[in-house]
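Open the structure in your viewer and get ready to select residues by number.

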Amino acid sequence: MAEPKTKYDRQLRIWGEQGQAALEKASICLLNCGPTGSETLKNLVLGGVGSITIVDGSKVELGDLGNNFMVDESSLGQSKAKCVCSFLQELNDAVKAKFIEEYPEALIDTNPSFFSQFTLVVATQLVEESMVKLDRICREANVMLIFARSYGLTGLVRISVKEHAVIESKPDHFLDDLRLNNPWPELRGFAEAIDLNVQDPVAHKHIPYVVILVKMADEWIKSHGGSLPSTREEKREFKELLKARMVAMDEDNYKEAIDASFKVFAPRGISSDLQQIIIDSCAEVASNSSDFWVMVAALKEFIANEGGGEAPLEGSIPDMTSSTEHYVNLQKIYQAKSEADFLVIEKRVRNILKKIGRDPNSIPKATIKSFCKNARKLKVCRYRLIEDEYNNPSLPELQKYLTDEDYSIAVGFYILLRAVDRYAANFNSFPGQFDGGMDEDISRLKTTAVGLLNDFGCNGLTLTEDLINEMCRFGAAELHAVAAFIGGIASQEVIKLITKQFVPMSGTYVFNGIDHKSQLLSLY
């Protein structure tokens, strides 16, 4: 067997060893192994998830050979769960794979405690009634849940967890933490010791831009009643002052200072997102609080006290034009401040743990360190029970989507996916599933969809005839191309939830295969 380090080399670069370790510890349960479920699991098995359990009571039929690459002609008449399981096991022998020949609906009804053994459940192709029951079961057992469904040319993915806290949210664009708008004493002292008017041209063009901006911002504050540039005019003027200090045209450090001057204009203190987290009621910790909220409580104390309104410093600096000596010294100043902030927070975490009656060393140093480094980027995601969303979706949001040209098809599909379940509950089959009687199916589905809209309070709003006709034409088919796409999205979200890295999707993700568009609907 290949050594995991080389086996998973590419992905280790994305989520690191801790992320990979979390995946290798995770146990995943898949409900229904049609193409949508099989494709989701394939990605996770290749990624090295710890164990998989497939639950499916059906046998392989002729139709399965046309849309599921994980069964072949020799599988006909056999247990679908067994065939898919052995195929997936071949892809990665390090994964523990097992299957249960039972219909998921039966398991949900008769053995709810079965689900509590898993880290995460991927439920595919379930109808509304089963989704609602399973959601309650998983919430109670604290098991993460992802619904995935493909239906003709549409599909949806919806995460359901009470709360998911992310320390390593890894945003694409984020302002680096240089504190140019609010330097601490050591940084200010370092800048003060450097003369911007130095006569030596080589020295002049090797003053790092951090120093230039700290000094110039200081000058500005002194002549502007203590405030930094805020209006457009003032910002332009500040850049002109920087330009005026250039001695030669090829001074890259001054060009960098002009480009980075917006970092001086940024507001001081913490972002509104972080503010929301520290004022959350969960930040009032008790003995049953999670490690995350204990660290948030420590962060809240730090911001109010030692931090002086700021989060702990991250401690890394970007590359910049500078003499080696200046750059190394600057690096040391940032690292020292970051380390000092971490030690204060660590001490506060230990004190809080003691106060709530837990072992003061129960949160590892490395976790607190990572928390401090990412403190400005924390994210907390909460998901409403699917039953709540189904019974009373946010009316203003629904109406907005239904009347917005950009969203009308996505929300139309969302409503029709719910309408086909209601239809199936009434007529024991999905619209267009069997040959003949298409016109009747269309009118029945239309009546069902209008009834659903009226139940929500969207009276007078209807869906286009075209969309209703399309939905009947789909006949509940699982097309491989759509299933593979939905499976790709679902497995990506599974990895985010398990590694606790990156930010999982909020709301309900709807794929519109007619226009090749993906949209997120916030219905709560």
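Which strand gives the most to the lining of the second largest pocket? Select strand 5, which supplies three residues there; strands (E, at least two residues) and helices (H or I, at least four) are DSSP runs numbered from the N terminus. Residues are numbered from 1 along each chain as its sequence is written. This is a predicted model, with local features needing pLDDT of at least 70 and side-chain atom pairs pLDDT 80 or more, while totals for chains, interfaces and linings use all residues.

**Stop one: the second largest pocket**

This pocket holds about 850 Å³ of space. Now select Gln125, Phe430, Gln433, Ala476 and Glu478, the closest to its centre among 28 lining residues. A pocket is an open set of points on a 1 Å grid over the protein atoms alone, where a 1.4 Å probe fits, with protein on both sides within 12 Å along at least five of seven lines; lining residues have an atom within 4 Å of a point. Volume is the space filled by probe spheres set on the points, which are joined across faces, edges and corners.

Colour domain 1 (3–165 + 479–521) and domain 4 (388–474): each gives at least three residues to this lining. Domain bounds come from an automatic or database assignment.

**Stop two: the largest pocket**

Move on to His164, Ala165, Ile167, Phe292 and Lys500, which lie nearest the centre of the largest pocket. Its volume is about 1,200 Å³, and 40 residues line it. Finish by selecting helix 2 (9–25), which gives the most to this lining, with five residues.

Notes
Side-chain values use heavy atoms; hydrogens and water are left out.
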